[in-house]
Amino acid sequence: MTSTQTPRDAALSEIVTATTRAVDADPDNAHALFRATGSGGDGVRSEIRIGRHDVVVDEPPALGGDDAAPNPVEFALAGLLSCQVVTYRFWAAKLGIPLDDVQVDVEGDLDVRGFFGLDDGVRPGFGEVRLVVDLRGPASDEDYRRLRETVDAHCPVLDLFRNPTPVSTTAPA
């Protein structure tokens, strides 16, 4: 650990180094599979298992739920927000840019006419998503600009929002 590197940055740098070595040794090590499984609960609630974690997704009463948990689009925004935080932390460590804190606010506009089938010309997903990212630390504005550009190029969930991803739906065998 260098004198300017925090313990968190040192640990993240070690993960980057170990991952780079593993992928260099065998490119198949770069492939990761993520899974979630779930079923419907009361009302419009979903009960989901992600690894060792149980997650509940619900809707507000206006959409048939009990507002017992965030709804699916709120979870999508939370996924984007948390992926931004992780990606900023990793890339700050990798680039050697000191980053004391990262605060992310995200909001998205959704026109429910698409979801309810009231207008087939309106997409059911977000029409626009906006991120406000506040980076705090001793680095220069230029370093933080470079970090922002790097994160925008490498954040997996931001990529999901920006680019089409093939999705297939099948029935169980």
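Leaving aside neighbours within four places in sequence, Asp9 is in contact with Arg89 and Ala93. Contact here means heavy atoms within 4.5 Å. Asp9 belongs to helix H1, residues 7-25. At 7% relative accessibility, Asp9 counts as buried. The cut-offs are these: buried is under 20% relative accessible area, exposed is over 50%, and partly exposed is in between, with a 1.4 Å probe and protein chains only.

Before going on, note what kind of model this is. It is a predicted model, where local features need pLDDT of at least 70, side-chain atom pairs count only at pLDDT 80 or more, and totals for chains, interfaces and linings use all residues. Residues are numbered from 1 along each chain as its sequence is written, and side-chain values use heavy atoms, with hydrogens and water left out.

Now step back to the whole chain. It holds 5 helices and 5 strands. Helices (H or I, at least four residues) and strands (E, at least two) are DSSP runs, numbered from the N terminus. Along the sequence the pattern reads α-β-β-β-α-β-α-β-α-α. The C-alpha trace spans about 55 × 40 × 30 Å along its principal axes. The chain has a radius of gyration of 20 Å, while a compact globule of 173 residues would have one near 16 Å. That radius is taken over C-alpha atoms, and the globule rule is 2.2 Å times the number of residues to the power 0.38. Buried residues make up 23% of the 173 residues. Take the contacts between residues at least 6 apart in sequence: 46% of them join residues at least 24 apart.

Next, the helix pairs. Two packed helices are described by the angle between their axes and the distance between the axes. Axes are lines fitted to C-alpha atoms, for helices over the stretch in contact, and angles run from 0 to 180 degrees between N-to-C directions.

Start with H1 and H2. Their axes come within 8 Å and cross at roughly 85°. H1 is therefore roughly perpendicular to H2. The classes are simple: under 35 degrees is roughly parallel, over 145 roughly antiparallel, 65 to 115 roughly perpendicular, and the rest oblique. From H1 come Arg8, Asp9, Leu12, Ser13, Ile15 and Val16; they meet Arg89, Phe90, Ala93 and Lys94 in H2. By class, this contact has 5 nonpolar, 1 polar and 4 charged residues. Ala, Val, Leu, Ile, Met, Phe, Trp, Tyr, Cys and Pro count as nonpolar, Asp, Glu, Lys and Arg as charged, and the others, Gly among them, as polar.

H2 (residues 72-95) also packs with H4 (residues 141-154), at an angle of about 125° and with the axes 9 Å apart. These two helices are therefore oblique to each other. H2 supplies Gln84, Thr87, Tyr88, Trp91, Ala92 and Leu95, and H4 supplies Arg146, Leu147, Arg148, Thr150, Val151 and His154. This contact has 6 nonpolar, 4 polar and 2 charged residues.

Two single residues complete the tour. Asp67 sits in the loop between strand S3 (53-57) and H2. Its phi is near 55°, a positive value in a residue other than glycine. Gln103 lies in strand S4, residues 101-110. At 37% relative accessibility, Gln103 counts as partly exposed. Not counting residues up to four places away in sequence, Gln103 touches Val132, Val133 and Asp134. Phe115 is 12 residues from Gln103 along the chain, and their C-alpha atoms are separated by 31 Å.
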